[in-house]
Amino acid sequence: MATISGEATYQWRAAVLAGEEGVIDQEAAREVAHTSIDEVIAGRLSCREFSGNPVSQSTIEQILRVARFAPSGANIQPWHVYVLAGAAKAEVSAALLHAYENEPNEHVSEYQYYASAFPEPYLGGRQEFGRLFYDSLGIAQTDTAARRRQTAKNFVFFGAPVGLIVTIDRRLAVGSWLDLGMFIQNVMLTAVGRGLQSCPQETFAKFHRTLRPLLSIPAEQMVVCGISMGHPMERPRTRLMPRAAVEAFASFKGFED
C-alpha cells in the first residue's frame with residue numbers, strides 16, 4: 001500500500017477525525033440522531049458477519065414494498081431485484097465461488113465503478129479504507145492469499161440467509177442510476193428498521209455471465225450489485241469506517257444564524 005501523504009489527504013483525515021460525524025463507535029454515532037429516522041440511518045453499517053437466523057420472504061417483501069417509494073425521475077423505477085434464499089442461494093454461491101476460484105481473469109463488470117486514477121483526497125480515503133478494513137481482520141496488506149479468502153466470503157453472502165442481486169436496464173441513462181442508488185439505500189435502511197443489517201457488494205457485477213443463466217436475467221438488464229441481508233452476529237458492533245465532518249463536504253451561504 002502506498003503511503004498516505006499530501007496536504008489534501010491531511011485535511012481529509014483531519015475533517016474525519018474532527019466533529020461528531022467522524023465517530024467510529026456505533027453508540028457514539030447514535031448521539032447525532034434526534035429522530036427515529038436519524039437512528040435508523042446512523043445505525044446502518046456494512047455487515048460482513050451474519051448469524052444463521054432465518055429471514056422470512058414476507059419480511060423481504062415488506063422491505064421492498066417500502067423501498068419502492070424511492071425518488072424516481074419520470075417515475076421510471078429502473079430497478080429489478082432477484083431475491084435468493086435457501087437452496088437457490090446456495091446454488092448461486094457455489095457457481096460464483098467456482099468462477100472466482102477457477103476463472104479469476106475471465107470476469108469483468110459491465111460498468112466502471114471506480115475511477116481509473118484517484119486524485120486526492122479520494123486516494124487517501126481509499127488507502128485508509130484498506131488499512132482499517134484488513135487491520136480489523138488481522139490480515140496483512142501483503143498477504144494475498146488471506147485477502148482472496150476474505151473476498152471469497154462475498155460470494156456466500158457473508159453467511160447471510162438472504163441475498164439480493166440488483167439490476168438496471170442498460171438502455172437507461174446515468175440519471176436512472178441515481179434513482180437506483182436511492183432505492184438501494186431505501187432497501188438497506190428499511191432493513192435496519194426491522195432489526196436487520198446488510199452489505200452492498202459491487203463485486204457481484206463482475207460475474208454477470210455466471211448469474212445471468214442461473215437467474216434468467218434478460219439481456220437488457222445489467223447486474224449492478226449484490227446485497228447480503230440478515231441478522232448480524234450478536235456481538236458489540238462498531239462502524240469501522242469514519243465519516244467526514246459536515247464542514248468537510250458542505251458549504252453554507254445565506255443563513256442568518
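User: Which residue forms a salt bridge with arginine 131?

Analyst: First, the general idea. Side chains of opposite charge can pair when their charged atoms come close. A salt bridge is a side-chain nitrogen of Lys or Arg within 4 Å of a carboxyl oxygen of Asp or Glu. In this structure, a predicted model, arginine 131 pairs with glutamate 128. Their closest N and O atoms are 3.3 Å apart. Both residues lie in helix 6, 3 residues apart, about one turn of the helix.

User: What should I know about the model before reading on?

Analyst: Residues are numbered from 1 along each chain as its sequence is written. The model is predicted, so local features need pLDDT of at least 70 and side-chain atom pairs count only at pLDDT 80 or more, while totals for chains, interfaces and linings use all residues; side-chain values use heavy atoms, with hydrogens and water left out.

User: How many helices and strands does the protein have?

Analyst: Helices (H or I, at least four residues) and strands (E, at least two) are DSSP runs, numbered from the N terminus. Here there are 10 helices and 4 strands. Along the sequence, the pattern reads α-α-α-α-β-α-α-α-β-α-β-α-β-α.

User: Are arginine 131 and glutamate 128 buried or partly exposed?

Analyst: Buried means under 20% relative accessible area, exposed over 50%, and partly exposed in between (1.4 Å probe, protein chains only). Arginine 131 has 33%, so this residue is partly exposed. Glutamate 128 has 7% and counts as buried.

User: How many salt bridges does the structure hold?

Analyst: The structure holds 5. Three residues, Glu110, Arg170 and Arg212, are linked in a network of salt bridges.

User: What does each pair in that network look like?

Analyst: Take arginine 170 and glutamate 110. Their side chains meet at 3.0 Å, N to O. Arginine 170 sits in the loop between strand 2 (162-169) and helix 8 (174-192), and glutamate 110 in the loop between helix 5 (86-102) and helix 6 (122-136), so the pair ties together parts that are 60 residues apart in sequence. Now take glutamate 110 and arginine 212. The closest N and O atoms are 3.4 Å apart. Arginine 212 belongs to helix 9 (residues 208-215), so this pair ties together parts 102 residues apart in sequence.

User: Where does serine 228 lie, and which side chain does its own side chain join in a polar contact?

Analyst: A polar contact is a pair of N or O atoms within 3.5 Å; within protein, one must be able to donate a hydrogen and the other to accept it, and residues adjacent in sequence count only if both atoms are side-chain atoms. Serine 228 lies in strand 4 (residues 221-230). At 0% relative accessibility, serine 228 is buried. Its side chain joins that of glutamine 201 in a polar contact of 2.6 Å. A polar atom of the serine 228 side chain also lies 3.3 Å from the backbone oxygen of phenylalanine 157.

User: Which residues is serine 228 in contact with?

Analyst: Contact means heavy atoms within 4.5 Å. Leaving aside neighbours within four places in sequence, serine 228 is in contact with residues including Phe50, Ala160, Val162 and Cys199.
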